[in-house]
Amino acid sequence: MTVVAAHVQSSKAAEPSSKEPSYPPYDLKQAVTDRQILGLWRISKGFRLTYLGAAVSLGISASARALAFLFLAHVVDTVLGRPIEGGTLPLIAVTFLGLAFLEGAFTFLSGRLAARTAEGITWRLRNFLFDHVQRLHFSYFDKSQTGDLIQRSTSDVDTIRRFYADQAIGLGRIALLFVVNLIALFSLNVPLTLISLIVVPLLVLMSVVFFRRISKAYEKFQEQDGVASTILQENLTGVRVVKAFARQSYEQQKYDTAIFERFRRGRKLLMLHALYWPTTDVMCALQVAAGYLVGASMAINGTITVGAYIGYVGLIWQVINPLRNLGRIIVAMSEGGVSYKRLMEILKQEQEPIYEGKIKVEGSLKGDIIFENVGFEYDKGHAVLEGISFQAKPGNVIALMGSTGSGKTSIVNLLPRFYEYTSGRILLDGVELKDYSRNDLRHQIGIVEQEPFLFSRSIRENITYGVGRAVSDEEVEAAAQAAAVHDVIMSFPEGYKTLVGEKGVTLSGGQKQRVAIARTLLKDPRILILDDATSSVDTETEAAISEALARLMEGRTSFVIAHRIHTVMNADLILVLDKGRVVQSGTHQTLMTQPGIYRQIYEVQTRIEFELEKEIAGV
């Protein structure tokens, strides 16, 4: 092994494939702020010119419509009621058609540019969020619910998409329509226009009030939606357990309770929406009716022309209706602000510095590990490990035994730096463990968990997962044979191409365990962690796996967590843990000469096996 002192920098982002859109990169952690509008503005970095183009297109479209009404007023006042020349009507028709085409074309262009902005921001946000979540510390997932994370990564991201696709551009559309058409109205008659704006302050005030109330209601609704998603995800994942214990009715009742609470909060949210619309409709209708009445009176009295009145009738709705929609847009934007806040709660979390370390590993480690008075706390003040000291020389097999919660898994979780020890130190090949980058450590360590996880891919892809290089079929088969699973795989019609169901549901518990062992064997690590790896297999298969693992462990440092003593009898060092401390240590022969937990476990297990064999012989 060769180690070189170096400060390892964070890896560069993977190059996008040729099929991926070339959207501008941006570190979304820079968008984290308590000011939601500012944060949403920062998220749009790289797309602002495109969005500006959408807004300008909206302005041109609004101007074209306003000009159409002004032109109509002109036609009524100067053309109708007079002799019409031969080319006048075609010219009028072409002008109206041209303005209609101009409005439609720029409306389409605005929608296209807004959609490009929204989809681009969403694409970048989803990718960044997925990458960020993968790089968070293990402790974050200890406190987070999977369903809630899925809810934030899907529903909340989609709310952000709608914010840019409809709401933000809609607010710009309202502002442009209001300004352009208001200028057009003022050009017709100033007093009539001022009378038509009486309702505007009331509409804005109502929009602000509803904005605040609906923001809170929507946040509570999203939180409960996350709770319901978590229950659904857990139920689908643990469907076998649910069926095995006949707990369908219990799970249904639990889900019903969560869904009813979601329904109740959703109903409150919809009631707020429902209350807003009738109120604003009545206000707008009264304002328009008043405007029509005053305008008609002015036209009859000759204060304004008939053409001006007709133009006013068309333009007044282009002012009032957008303001009526202002509340809807602002309310919908409040949902975008809530979703932004929920997403930023994830992005605020510090990433695990995977590539950060003083020492860069070149080649392979030897696996000489020393624990010196190591202590560890998941939460401050709650010690999980205390005073752990031992040495594992290269090629040694270290067995960890003890009751549930005694600290066995916590010890092995410190080696790949899933968690950081809080006192003492761990040396690996004479170097402080914290001086290695997590990336280098995890490439040197192979783990077979007690409950192996398989992806919904082919068996071959699951075995080669994490190898990081091209692997031949011969190597895959050799690893599978060493894990005593090759014959099982070949019994499937598709062999190694057989698709594994979600979490490996296609395979039995023992088969999943052996595929996971094959995956670790193929990785060929210098340090092995076997978390009760043979607990899910039968006696015959266990013997075959144990023999393969024995060959694999030669020259490698191995940590074996086990509950059955005959699994660890040949270990170089057995550590017996109780309440986070090592209460006994030594070889099997040494521990059998000492009174204590180890000998008690041995005697109990031996007696059980004897009674079982006696009962079987009697049958």
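**Entry 1: ground rules**

I count two strands as paired if DSSP finds at least two bridges between them. Helices (H or I, at least four residues) and strands (E, at least two) are DSSP runs, numbered from the N terminus. The model is predicted, so I keep its limits in view: local features need pLDDT of at least 70, side-chain atom pairs count only at pLDDT 80 or more, and totals for chains, interfaces and linings use all residues. Residues are numbered from 1 along each chain as its sequence is written, and side-chain values use heavy atoms, with hydrogens and water left out.

**Entry 2: strand β9**

I started at β9. Strand β9 (residues 527-531) and strand β10 (residues 557-561) run parallel, joined by 5 bridges. Leu528 has Ser558 of β10 opposite. I then looked up strand β8 (residues 445-448). It pairs with β9 in the parallel sense over 4 bridges. Here Val448 faces Leu530 of β9.

Is β9 mostly covered or mostly open? It is mostly covered, with 5 of its 5 residues buried. Buried means under 20% relative accessible area, exposed over 50%, and partly exposed in between (1.4 Å probe, protein chains only). I checked both faces. Ile527, Ile529 and Asp531 are buried on one side, Leu528 and Leu530 on the other.

**Entry 3: the open sheet**

Next I traced an open sheet of 4 strands. Its order is β4-β3-β6-β7, with antiparallel pairing. β4 (382-392) and β7 (431-432) stand at the edges with a single partner strand each, so one side of each lacks a neighbour in the sheet. I looked up the pairing of β3 (residues 369-379) with β6 (residues 423-428): antiparallel, 5 bridges. Phe371 has Ile426 in β6 as its bridge partner.

**Entry 4: Arg417**

I went to the loop between α11 (408-414) and β6, where Arg417 is found. Arg417 is buried, at a relative accessible area of 7%. What does it contact, leaving aside neighbours within four places in sequence? I noted Glu352, Glu356, Leu433, Lys434, Tyr436, Ser437, Arg438, Leu441 and Arg442. Contact means heavy atoms within 4.5 Å.

**Entry 5: two helix pairs**

Two packed helices are described by the angle between their axes and the distance between the axes. Axes are lines fitted to C-alpha atoms, for helices over the stretch in contact, and angles run from 0 to 180 degrees between N-to-C directions.

I took α2 (residues 48-78) and α3 (residues 88-134) to begin with. Their axes come within 8 Å and cross at roughly 160°. The two are therefore roughly antiparallel. (Under 35 degrees counts as roughly parallel, over 145 as roughly antiparallel, 65 to 115 as roughly perpendicular, the rest as oblique.) α2 passes α3 in a left-handed crossing, that is, the near helix is turned anticlockwise from the far one by less than a right angle. The contact residues divide into 18 nonpolar, 8 polar and 3 charged. Ala, Val, Leu, Ile, Met, Phe, Trp, Tyr, Cys and Pro count as nonpolar, Asp, Glu, Lys and Arg as charged, and the others, Gly among them, as polar.

Then I took α1 (residues 36-43) and α5 (residues 146-188). Their axes come within 12 Å and cross at roughly 80°. α1 and α5 are therefore roughly perpendicular. Leu40, Trp41 and Ile43 of α1 meet Ile160, Phe163 and Tyr164 of α5. By class, this contact has 6 nonpolar, no polar and no charged residues.

**Entry 6: whole chain**

The chain has 20 helices and 12 strands. Of its 619 residues, 44% count as buried. Among contacts with a separation of 6 or more, residues 24 or more positions apart account for 78%.
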